[in-house]
Amino acid sequence: MKKSALTLFVLTLLFNICVAQKAKHTFALGDSTFLLDGKPLQLISGEMHCTRIPRAYWRARMKMAKAMGLNTIGTYVFWNAEEPEEGKFDFTGNNDIAEFVRIAKEEGLWVVLRPSPYACAEWEFGGYPWWLLKDKTLKVRSKDPKFLKYYHDYIMQLGKQLSPLLVTNGGNILMVQIENEYGSYSNDKDYLDINRKIFREGGFNGLLFTCDGPSQMPRGYLPGYLPAVNGLDNPKEVKALINKYHDGRGPYYIAEWYPGWFDSWGSAHNHSNADEDAKKLDTVLAAGISINLYMFHGGTTRGFMNGANMSQTEPYSPQTSSYDYDAPVDEAGNATAKFYKFRAVIEKHLPAGVKLPPVPKKIKTIAINNISLNAHAPLFSLLGKPVIAEHPLCFEDLNQGYGFVLYRTTLKNAVNGLLKIKQLRDYATIYLNGKRVSVLDRRLRQDSVQINSTEPNTVLDILVENNGRINYGPYLTDNRQGITEKVTLNSDELTGWKMYKFPFSTTAGFKYATNKGADKLQPALYKGSFTLTKTGDTFLDLHGFGKGFVFLNGYNLGKYWGIGPQQTLYIPASWLKKGLNQIVVFDELKGGHKSISTLDHPVLNEVVKE
């Protein structure tokens, strides 16, 4: 081919690609279906969250979605990930929601965006930033002007990232959700309309919708806007419910259909019946109803971002770092038996002649044996400068969001009595002169212990962990962390506190000594390194460890807890290096660790009695 002809060919190709990328579509509500360019479109969607999936695997997970037959991705955006500090926004790395959406477009997937500042999603504080709690008078999810200002500022920033990607602007975002299960919390229609106005001001000029469970919808829908339903899969009931709150018409969208469920610490790993789920999916698709599988792929809740449930019957139930969800694609991105059953159902409903792409191969895994933990740093040797106050301060008053705070005071006289922490949030280990004497767990409604101090001037230490702020329901505002009220001994309040902050945003900067065998009841950091000639996905084996978290090559892998059901932490190959790798394990309950290994498979079904 001549040079001029080749140049013309390349320019034509590039032009066609640009036109295809910028081609605008129309997306509208029909009486019974969604309309794309005036033609019916049934959304067959699956939920995935960019913050729960290693960035290097975003595209791979979307190829899995296409292979199962999905045409759309549903995704939350978590405010506390995008604005971790007041006024400091981070849309980079795993928070780059705009790139996540762009990759979906490249893979031929539409997006239903769910950026409501409240997400739930078993995510810390339901997605709200912890720093909102620094003002005790601020009311989240309300018309409080202070809250609305922060909310408004966030949506303006988010709009800059995402409004260019709306279908109305040539992108692939079809719809935007303005509130999430609001009927579980309140029923203020004026507040809902403020949500709508803020989103419009932020540039979200396309279709807006809400979603609620069947019993929540009367309180949570906004008149004039599509009310999607969560947790309902009987076609007649879905249509009747949406008709009732949408002027007798559709389209009909199940915004969250649950072919699985999340796990909580101390409870068995959740499973659903894949055959029954497949039959329900078949029925919904046959009825022409659009659906979003929550979750299609759950991934992992990294760092300290797990949430917790609380109700009148459930005092406090923190969720695991694994967000496997018994989803069609497991935590590590592989197809499950459920995936293939759903794929077969979806194939039945494809237009004639349309074929699904092949299912990607299972991801390569490796096992790493006996990583030496040869350095050790006891927590009590790492105390920096304390904050001193007469009464204990909660995390928020200490300007700390996550991690741990060590509360210390001195008992002047020998005592034998009941030590009580009023409104403990959430997990505490109690020490007298450095010796652990008790553990208090909010899950078990524990807030007091009988102590016996035979010596004057005994040092009382209370190490308190934020185990995950509540993410759902009317107790959403009960989320200040640490010792939130007071500590009493035989009903007398203890005063004169020193507070040592351990946010553990990084494990850098701590001083380590050679690990010669530590006190088995002392909280400590354990550091090691290992060298790899090849990388692959793997699963850190935490059997024999107590409770804590792990950093690998600077990444916080998440939390572990010996009570299960999660007994491993998923490590993606992209977070490992050929050559030297560094690992740091913090354990607040067990000590004396000398080594750790990884497995080539996860362990998500063991519950250990305490």
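Okay, hi everyone. Before anything else, keep in mind that this is a predicted model. I'll start with the aromatic rings.

How many aromatic pairs does the count come to? It comes to 46. Let me show you one of them, Tyr-128 with Phe-147. Their ring centres are 5.7 Å apart and the planes sit at 85°, so we call this pair edge-to-face. The cut-off behind that word is an angle over 60 degrees. Now look at where these two come from. Tyr-128 is in the loop between strand S6 (110-114) and helix H5 (145-162), while Phe-147 is in helix H5 itself. They are 19 residues apart, and the pair links distant parts of the chain. Are they buried or exposed? Tyr-128 has a relative accessible area of 0%, so that one is buried. Phe-147 is buried too, again at 0% relative accessibility.

Next pair: Phe-504 and Phe-586. Here the centres are 5.2 Å apart and the planes are at 40°, so this one is tilted. Phe-504 lies in the loop between strand S27 (497-502) and strand S28 (513-514), and Phe-586 is in strand S34 (residues 579-587). So this pair ties together parts that are 82 residues apart in sequence. Both of these phenylalanines, Phe-504 and Phe-586, are buried.

Rings can also join up into a group. Ring pairs link Tyr-76, Phe-78, Trp-123, Tyr-258, Trp-261, Phe-262, Tyr-294, Tyr-323 and Tyr-325 into a cluster.

Take helix H9 (residues 274-286) and helix H10 (residues 337-348). They pack with their axes 9 Å apart, at an angle of about 20°. That makes H9 roughly parallel to H10, and the crossing is right-handed. Which residues make the contact? On the H9 side they include Ala-278, Leu-281 and Leu-285, and on the H10 side they include Phe-342, Val-345 and Ile-346.

Now for helix H2 (residues 58-68) and helix H4 (residues 97-106). Their axes come within 10 Å and cross at roughly 45°, so H2 and H4 are oblique to each other. This crossing is right-handed. From H2 we have Trp-58, Arg-59 and Met-62, and they meet Glu-99, Phe-100, Ile-103, Ala-104 and Glu-106 in H4.

Thr-533 lies in the loop between strand S29 (524-532) and strand S30 (538-541). With 73% relative accessibility, Thr-533 counts as exposed. How far is Thr-533 from Lys-578? In sequence they are 45 residues apart, but in space 5.3 Å, C-alpha to C-alpha.

The other one is Gly-87, in the loop between helix H3 (79-82) and H4. Its relative accessible area is 52%, so Gly-87 is exposed. Gly-87 and Tyr-150 are 63 residues apart along the sequence, with 8.7 Å between their C-alpha atoms.

That's it from me, thanks!

Conventions. Residues are numbered from 1 along each chain as its sequence is written. This is a predicted model: local features need pLDDT of at least 70, side-chain atom pairs count only at pLDDT 80 or more; totals for chains, interfaces and linings use all residues. Side-chain values use heavy atoms; hydrogens and water are left out. Rings of Phe, Tyr and Trp (its six-membered ring) pair if their centres lie within 6.5 Å; planes under 30 degrees apart count as stacked, over 60 as edge-to-face and the rest as tilted. Helices (H or I, at least four residues) and strands (E, at least two) are DSSP runs, numbered from the N terminus. Buried means under 20% relative accessible area, exposed over 50%, partly exposed in between (1.4 Å probe, protein chains only). Axes are lines fitted to C-alpha atoms, for helices over the stretch in contact, and angles run from 0 to 180 degrees between N-to-C directions. Angles under 35 degrees count as roughly parallel, over 145 as roughly antiparallel, 65 to 115 as roughly perpendicular and the rest as oblique. A crossing is left-handed if the near helix is turned anticlockwise from the far one by less than a right angle, and right-handed if clockwise. Contact means heavy atoms within 4.5 Å.
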